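Here's a quick briefing to read with the model open beside you.

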Amino acid sequence: MEEAKMVTKSLFMSYSRNAPPALKDVTMDIRANSVTAFIGPSGCGKSTFLRCLNRMNDFVRDARITGRVLLDGMDIYSPEVDVTNLRRRVGMVFQRPNPFPFSIRENVAYGPKLLGARDESVIDEIVENSLRSAGLWEEARDRLNDMATSLSGGQQQRLCIARAIAVEPEVLLMDEPTSALDPIATARVEELVRELKRDYTVAIVTHNMQQAARVSDTTAFFLMGELVEYGPTDVIFTTPTDQRTEDYITGRFG
Amino acid sequence: MERAGEIVITTGGPRGARRGARKWGEIVPKGVVTSVALSGIWLMAFIIFFLIKEGAPILKETSLTEIALGQLWYPVSNPPSYGMLPLIAGSAAVTLLSSIMAIPFGVVLALFISDVCPERAREFCKVSLEILGFLPSVVLGFIGMAVIAPHMQMKLELLSGLNMLNASFLLGILILPTIATLSEDSLYAVPQAMRDASYALGGTRCETMFKVVLKCASRGIAQAAILGVMRSVGETMVVLMAAGGAAIIPLAMSDPVRPLTSTIAAEMGETPVGSPHYHALFFMGCLLLFITIALNILVLRIESGGGEK
């Protein structure tokens, strides 16, 4: 078994002072070069948890976070951490495809350019490699200068994945990446997720339990902000120890 | 109501009194609405026709090249000279200078309001900008004459404080609210998802604002800028009061200028109806109208995606 890439230790998070905590005492490991799926009903805190891992919750005013989140042993909430560098190391793909209204090439090149890439041939190479990794190269190679918005929804989401991996992150967070896609596009993205774990550590939030079963190695089940159960995916889906997990995966609620 | 009428027509009953009444009940309101709606277009057509009809006769007095390239505007001398180049140059100069001052400032201001200042301050900023937009131009012109001009004259040791710089500065203030509020609308409308995408790639706030948000809103900002320019071209009172009014081609920012608008405003009252001078002023009106129509078409083209490669 690979070692833990990211670790959270008794993580509490609430969106404002008086609001009930959105996350309660979450302690878990996310292992390197594997896919970790977060499942649970709406509002259970799985997306909130994901956004704690690259500090996207920083933009929520009044949000309160206690506990620790470690990336390779480094506390990402400690004051000396450079948030932009952290987000480069921990990339993110969102629920709805959100390509910039630029060309396909410019979308992928955005991150590398922020990092200082200037040489056009270097950028071309990054664009090609990223699009290849995201399985979009064959479809996009002849239209790199077309607007990204001219792509279909599934292609846009793969473009967003290409854009995220263009900065060579170590961890890729995916927040319900297929919820806005049709079944065929979903299948392609799932296939991609399985391939991506060779090079990256992937954490994926999903509403769809079959998806979690198909793509993940480890599954974490959240309920009302608590991490109820966490373990190898086949164990969680066949012999869960907690009654609530069993109720959820057998479709008794949620 | 329309649906009821359709049913009558499709079922096709005999031409009875009832049907006739319904028909009138439909035709009259429809006619009224149509004629009201068309009245705007009619008025516009009439204005254009009238302007051209009154402006064209100047071409009998002098040639188009003389008007466009002549450097002497002496409409009441003997023999008169109708060179409009200094006036056109004056209009172009104040418009350009005011745009250079107001567009970057307005866009940065809009970016500040939409992406930097907190939500509560945003409302306050927008309202203050709108109040600045309500400022009557004559008040602004008065400030230019009474406050700015004497200071400029003393501090910069100029012959007169009423000049191109003064007028452009005032025009810039005048068009700033237009540019800033319209730009802010399109910046604020950029989805949060675009900002999130940039942050998630390790973009700083500044990089996100200038490389993503500004680019996403570029069309709206271009429209805002053109609408600002349009206002600057057509504005009369400020330039009449503060531009100095000399019909010369400006070579420095301290030169007084006489834009087309202020020329019309200043001279129309003193010219005999039907005289060549009168027709020349109408010709300027045509010019201004065509410039604003052209800018309007540009805005529409940007809207329909004409600017996209």
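Is Leu240(B) buried, partly exposed or exposed? Leu240(B) has 34% relative accessibility, so it counts as partly exposed (buried is under 20% relative accessible area, exposed over 50%, partly exposed in between, with a 1.4 Å probe and protein chains only).

Keep in mind that this is a predicted model, where local features need pLDDT of at least 70, side-chain atom pairs count only at pLDDT 80 or more, and totals for chains, interfaces and linings use all residues. Residues are numbered from 1 along each chain as its sequence is written, chains are lettered from A and ligands numbered from 1 in the order written, and side-chain values use heavy atoms, leaving out hydrogens and water.

**Surface patch**
- Leu240(B) sits in helix 12 of chain B (helices are DSSP runs of H or I with at least four residues, numbered from the N terminus).
- Together with Val138(B), Val139(B), Ile143(B), Val147(B) and Met237(B), Leu240(B) makes a nonpolar surface patch of about 410 Å² (patch residues have over 30% relative accessible area and no salt bridge, and nonpolar side chains are joined within 5 Å).
- Helix 7 (137-155) and helix 12 (237-242) of chain B each give two or more residues to that patch.
- Helix 7 of chain B brings the largest share, four residues.

**Nonpolar cores**
- The largest nonpolar core has 43 residues, and Leu131(A), Leu159(A), Ile161(A), Met174(A), Val193(A) and Leu196(A) touch the most other members (a core joins buried Ala, Val, Leu, Ile, Met, Phe, Trp, Tyr and Cys through side-chain atoms within 4.5 Å).
- Apart from it there's another core of 32 residues, including Met6(A), Ala22(A), Cys44(A) and Leu173(A).
- Leaving out residues up to four places away in sequence, Leu159(A) touches Ile104(A), Asn107(A) and Val108(A), among others (contact means heavy atoms within 4.5 Å).

**Helix 3 of chain A**
- Nine of the 11 residues in this helix (residues 104-114) are buried, so the rest of the structure largely encloses it.
- Among the buried ones are Ile104(A), Asn107(A) and Val108(A).
- The cover comes from both chains, including helix 4 (120-133), helix 5 (137-140) and helix 6 (153-165) of chain A plus helix 9 (192-200) and helix 10 (205-216) of chain B.
- After helix 3 of chain A comes Gly116(A), with a positive phi near 105°.

**Cysteines**
- You'll find zero disulfides over all chains (a disulfide is a pair of cysteine sulfur atoms within 2.5 Å).
- Cys44(A) has its closest cysteine sulfur in Cys52(A), 13 Å away, so that's too far for a bond.
- Cys44(A) is buried at 2% relative accessibility, and Cys286(B) is buried at 7%.

Conventions
Patches are made of residues with over 30% relative accessible area and no salt bridge: like charges are joined within 9 Å, nonpolar side chains (Val, Leu, Ile, Met, Phe, Trp, Tyr) within 5 Å. Accessible areas come from the Shrake-Rupley method with a 1.4 Å probe; for residues, only the protein chains shown count as cover. A salt bridge is a side-chain nitrogen of Lys or Arg within 4 Å of a carboxyl oxygen of Asp or Glu.
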